[in-house]
Amino acid sequence: FSISTYNKMWMDAQKDLDVQLQKEREEFLQPEQDLGKVFKMLATSYIKYVQIFRALETAHDQLIHQQKRAVIRQVLDGVTGRILEMKKEMVDLEKSEFHYIDNILEDLKLLPEDIEVPIPRFFIKEQLEVLQQREKILDQILLEAGLQAEEPVEAMTFEEAIKIIQVAERARQGRCRAAYVKRIYLAEKRAKQPKLEVKTGLSPDAAATRIQKVWRGRIQRKKTENLREEEMVFLGMNLPPHLKARSVLQVDAGQVNALQGEIQERDDEISIKNKLRETEGLLIKETLQDQIGQCFIECRHIVGRFPNYPAEDAGGSMAILSQNTPEEVLDELAATMEKALEKKDQKDKKGKGGEKEKSKDKKEEKAKKKEEDEGWKMAPSNFLSIMEEGNSQYKAVWQNRDEGWDFLQDHDPELMKEKKREEVEKEIRVQVDELMQQKLENLKLAVDGEKSTKPKKGRKGDKVRAASWENSEYISVLCPDTGTIDSLYKELVEEGLLIKAKTVNLSDYVGEYNYLGSTLRQADREPMPSLADVRQLIALYGILPLGSQIVHERAPLVKALLLAGPAGVGKKMLVHAICTETGANLFNLSASSITGKYPGRSGLQMMLHMVLKVAKQLQPSVVWIGDTEKIFSKAASKADREVGPKRLEKMLPKFLKALRAPDRVLLVGTTNRPFDANLKPFCKVYQKIIVIPRPDYASRFGKYSMLWKHIILQNGGAITNLLSISCLANVSDGFTPGQLIQAVQAVLSKLRLLQMTRKPLRTEEFIGFLATQDPVYREEEEAFK
């Protein structure tokens, strides 16, 4: 692929986005009575947005042009948020987290793999240095606390080294002597044999015929092997060659991607910024002073006095220049007076307020009924404006741009000047604010005779305290170091509440799409979700919002996520995958982790306060609660209520209430016995509940995701014709991925791996271990439903 290919990919994605935005304006604004038609319309738009997202993500990752990447990133955030909004509408419509849209995929001639939501690679690339530094600090703290063993250095003693050298030298001498004796033996054997008459060789024609015979036989055998391999790929018994091993070109592309970040960062930005400051800095300063001075004069002319200069927190001179025209200011003053009179009238008629409120409630009820009669209508979006802005910017700047001169395709100097001009203006504005504030004080003193009255800095105690447990007074007593994030971070690591996440990607969670979902629903049977559906929900609810600040602030907010399923289906793996894909910190508040720590109510509050403060400061963060049903258990002992996990039951809702939209913190609970919990508070805490099933046949032996094959290859095994994956997939019905991993690891010992070349793996080797395990029975599966 070249730069032109990714430019074309971006252009095609923008065209599709333009069509989709036009469709949004036409279709989604009209009420619709037919809910089946509504779902089809939502699902089609969801698929289209996912395809646009995939193309934009690839183009953003591969292009090195800085300004192009900035525009793509803006549109990418908008499309991501719109996908989440579409998903919410589909969930509200079907009352289910899982959707089966294979009929729509068939109409659009798409495969389920085409609507797989990819994980944006910039989540990690943009904060790679920070993550590496944080990992070093975490390893150092764990090492000093004795929670992580230092990697052993394999060093041998002097005597052991001599012994190894002696063994090697004696072996070398033995090989040399064996070769020498063999030469003597062959020479003696040749001497004893009688001399035979030298026979003439074949004629040239006969020799050529023999060579042709051998060569043609070899060619035919090769063709037969290729035909057999093609047939196996066609039948789905083997993977295509391009999926078996990475080609040399793919390796080279990976190296280019690794170096891409270094190419994208250039020193030209600094030089352009310095040049702008020298050439245009004085003009910008004079222009700002003239504009602010003119605002002072207009304000005094209208109001009769000079305004107060806005504080730096309120925007400084930006707040003055962004205000309305003099006519609009007069209108605002008149509206303010009218509101004041209305409030006065309301106070006078306070006794009659109850009747007005009742009539207001009746009007609202009538409005709701009217909306229900009209039919379904799309909720307002927080991301359409972002996509519209990015689309218009693409049309204005990039759609018809001639880039024949730009061979390097790294940045555009003129566009960079516009961006840096804004930064230079912000820096100069700070200086201008200081000068103009002093000038305003002088004007007030000279014209109106007023002395400057700077507002005194309010004390912390004068601020309105939030009605939240996280700001309570006991914190200053029990936790005097709350202001130091480093000390809190170290304490949480030493207490085992902040742990190191395992490096595992979401793509490692192998599973196939359920092709019978829509058929079962038509027969009024709710199908169990597939592993591919679970993987997509984790990406939508866990990874995409945590990876992007803009998406998390504006998308439908998901604070808590519950993963429920039998032991061994990969719940913990998915938690670690969320942390790996987003670079999030992992806090462990499981029952085994918090039991006996921070006893009492005050201790628990301090612990949650520390977790919340560090999680917000070092976001994104994941707070994991394993065996979360123990917190909401129906019967608990007195000890559990004081130092056990049960004491978290009343605190978790307050913990979630303290999280706001800008806080990229996600609470993830895992449980293999949710039916043991008291369901009312349990379901109140967890906003989204995802049931993870045992893998079906398609996941155990699918075209693109053979679970058995993936696990065997991952543990060093080799697949041969003697090993029937199809047979293993049939026999392992009801077993979880964790049990399959245990079976493979039990068979593939170190000794068995050494014997692999002369003794290939056989099917019956794995069946023996599975016979000792208990599968997930249908009764347990129904209980999870």
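The legends below describe close-up views of a predicted model.

**View 1. Strand order in the open sheet.** The sheet is open and holds 6 strands in the order β1-β3-β4-β5-β2-β6, with mixed pairing. Strands β1 (498-499) and β6 (688-691) stand at the edges, where each has a single partner strand, so one side of each is left without a neighbour in the sheet. Strands of a sheet pair through backbone hydrogen bonds, in either a parallel or an antiparallel sense.

**View 2. Parallel pairing around β4 and β5.** Strand β3 (residues 585-588) pairs with β4 in the parallel sense over 4 bridges, and within this pairing L586 stands opposite V622 in β4. Strand β4 also pairs with β5 in the parallel sense, here over 6 bridges, with S621 opposite V665 in β5. Strand β5 (residues 665-671) is in turn joined by 5 bridges to β2 (residues 560-564), the two running parallel, and the bridge partner of L561 in β5 is V668.

**View 3. Burial of strand β4 on both faces.** In a regular strand the side chains alternate between the two faces of the sheet. In β4, S621, V623 and I625 lie on one side and V622, W624 and G626 on the other, and all of them are buried; the strand is accordingly described as mostly covered, with 6 of its 6 residues buried.

**View 4. Helix α20 across the sheet, and K688 in strand β6.** Helix α20 (residues 531-547) lies across β2, β4 (621-626), β5 and β6, and runs at about 145° to β6. K688 has its place in strand β6 and has a relative accessible area of 13%, which is under the 20% cut-off, so K688 counts as buried. Once neighbours within four places in sequence are left aside, K688 is in contact with V91, E97, Y541, V558, A560, L561 and L562.

**View 5. Packing of helices α2 and α3.** Helix α2 (residues 35-62) packs with helix α3 (residues 66-94) at an angle of about 155°, their axes being 9 Å apart. Because angles over 145 degrees count as roughly antiparallel, α2 and α3 are described as roughly antiparallel to each other. The crossing of α2 and α3 is left-handed, and their contact, sorted by class, has 20 nonpolar, 3 polar and 8 charged residues.

**View 6. Helix α29 and the residue G716 after it.** In helix α29 (residues 707-714), the residues L707, W708, K709, I711 and I712 are buried. Just after α29, G716 takes a positive phi of about 95°.

How values were computed: Residues are numbered from 1 along each chain as its sequence is written. This is a predicted model: local features need pLDDT of at least 70, side-chain atom pairs count only at pLDDT 80 or more; totals for chains, interfaces and linings use all residues. Side-chain values use heavy atoms; hydrogens and water are left out. Two strands pair if DSSP finds at least two bridges between them. Contact means heavy atoms within 4.5 Å. Axes are lines fitted to C-alpha atoms, for helices over the stretch in contact, and angles run from 0 to 180 degrees between N-to-C directions. Angles under 35 degrees count as roughly parallel, over 145 as roughly antiparallel, 65 to 115 as roughly perpendicular and the rest as oblique. A crossing is left-handed if the near helix is turned anticlockwise from the far one by less than a right angle, and right-handed if clockwise. Ala, Val, Leu, Ile, Met, Phe, Trp, Tyr, Cys and Pro count as nonpolar, Asp, Glu, Lys and Arg as charged, and the others, Gly among them, as polar. Buried means under 20% relative accessible area, exposed over 50%, partly exposed in between (1.4 Å probe, protein chains only).
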